[in-house]
Amino acid sequence: MRSMWAKVLCVALAGCIGLAGCSSGGGAGSAAKNESAGQAVAHQPVEVKASPDKYTWYIKDYVGMNAASVGYTALDGSRRDAYGAGNIKIVYLTEDGTYLDYDLKSEGEDDSEADAEAMLKDYMVTAQNIAPNSEMKYTFMLDENGEEYDALVDGQSYDEIVLAVAPVGGRGSSVQPTEIQAAPDKYTRYVKDYVGRNLATCGYLSLGGTYNDHYGQGYIQFDITADDGSYVDINDEASLRSYKVTGQSVAPNSEISFTFMTDPTTGEEYSNLVESQSVESINLTVTKVEEG
């Protein structure tokens with residue numbers, strides 16, 4: 001129970017952070033295909049449906065937007081966009097696997113605010129891996145009386161959205177991110193597509209010293225293999241940013257099944273304490289990003 005209440009506090013804090021840091025994430029754009037010559041097909045904006053209730057939200061149309069106009073940078077350093085009481089993680093996918101630094105500090109600056117989104121402003125969104133108007137469902141945490149909280153999201157059908165980006169005024173991008181199935185419930189998740197991503201955008205460094213990625217209430221641990229056999233230091237952010245993913249040991253959209261712990265007294269299932277899962281680790285093959 002102590003772990004469960006700790007999670008309630010964490011989620012509540014994350015919600016406050018999201019609201020405090022939120023900037024407008026709406027806008028026109030949908031997953032436009034690119035011609036073989038690399039020129040983007042003219043984009044037809046999609047009108048996104050209005051949310052009927054706190055449980056249902058519809059994925060925005062991001063294509064055509066400047067990358068800096070999408071979402072906000074949260075205090076944990078991730079890029080996110082707000083959807084009702086929750087938010088979704090934004091992952092930028094460049095054609096050559098380079099990392100887009102949206103948390104820059106100007107050289108010599110300490111406390112003063114630098115133009116953290118300067119690099120993002122040079123890129124526009126050309127495709128997204130979840131189609132506009134795809135339904136995102138929320139479930140909410142319960143109090144001790146079984147009543148739902150209004151603002152504490154317990155689970156959601158999408159954890160992230162991948163946005164392919166290309167330089168503003170350029171030839172566009174040939175990258176088409178893989179669409180990942182929505183999670184139907186807390187017991188089922190689907191493996192993400194990491195190929196083409198910069199390694200630093202794949203996960204997070206855990207307190208246990210492993211490189212992981214969130215999957216609902218659980219997580220996957222990454223094993224990393226460089227194509228030249230060199231050691232990849234996951235504790236070094238600069239090292240992670242110098243690699244892009246070329247392969248993964250579990251195919252995208254493979255199903256991951258979760259079971260949850262139960263209260264020994266009541267037999268009731270905890271909503272957030274994973275007992276077991278069908279996939280625990282994924283090996284990522286990586287190569288050095290070519291320097292421009």
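Colleague: What makes strand β12 and strand β16 a pair?

Modeller: Strand β12 (residues 218–226) and strand β16 (residues 281–288) share six bridges in the parallel sense. Two strands pair if DSSP finds at least two bridges between them, so six bridges qualify. Ala-226 has Val-286 in β16 as its bridge partner. A strand is a DSSP run of E with at least two residues, a helix a run of H or I with at least four, both numbered from the N terminus. Residues are numbered from 1 along each chain as its sequence is written. This is a predicted model, in which local features need pLDDT of at least 70, side-chain atom pairs count only at pLDDT 80 or more, and totals for chains, interfaces and linings use all residues, while side-chain values use heavy atoms, without hydrogens or water.

Colleague: Why are β10 and β13 called edge strands?

Modeller: The open sheet of five strands runs in the order β10-β11-β12-β16-β13, with mixed pairing. Both β10 (204–205) and β13 (243–248) pair on one side only.

Colleague: What does the side chain of Gln-277 reach at 2.8 Å?

Modeller: It reaches the backbone oxygen of Val-279 at that distance. Beyond four places in sequence, Gln-277 touches Gly-218, Tyr-219, Ile-220, Ile-256, Ser-257 and Phe-258, where contact means heavy atoms within 4.5 Å.

Colleague: How do you know that strand β14 is joined to β15?

Modeller: Four bridges join strand β14 (residues 255–262) to β15, and the two run antiparallel. Thr-262 stands opposite Glu-269 in β15. The two strands form a hairpin with six residues between them, and Gly-267 in the turn has a positive phi of about 80 degrees.

Colleague: What makes Lys-186 and Glu-269 a salt bridge?

Modeller: Their closest N and O atoms are 3.2 Å apart. A salt bridge is a side-chain nitrogen of Lys or Arg within 4 Å of a carboxyl oxygen of Asp or Glu, so the pair passes. Lys-186 is in the loop between β8 (160–167) and β9 (188–190) and Glu-269 in strand β15, 83 residues apart. Lys-186, at 25% relative accessibility, counts as partly exposed, and so does Glu-269, at 37%.

Colleague: Which parts does the salt bridge of Arg-79 with Glu-117 tie together?

Modeller: The closest N and O atoms of Arg-79 and Glu-117 are 2.8 Å apart. Arg-79 lies in strand β3 (residues 79–83) and Glu-117 in the loop between β4 (86–94) and β5 (123–128), so the pair ties together parts 38 residues apart in sequence. Arg-79 is buried at 0% relative accessibility, whereas Glu-117 is partly exposed at 24%.

Colleague: How many salt bridges does a search of the whole structure find?

Modeller: The search finds twelve. Glu-160, Lys-192, Arg-197 and Asp-213 are linked in a network of them.

Colleague: Which residues have the most contacts inside the largest nonpolar core?

Modeller: They are Tyr-62, Tyr-92, Leu-199 and Ile-282, in a core of 49 residues. A nonpolar core is a set of buried Ala, Val, Leu, Ile, Met, Phe, Trp, Tyr and Cys residues joined through side-chain atoms within 4.5 Å.

Notes: Polar contact = N/O pair within 3.5 Å; in protein donor to acceptor, adjacent residues only side chain to side chain. Buried < 20%, exposed > 50% of the residue type's maximum accessible area, 1.4 Å probe, protein only.
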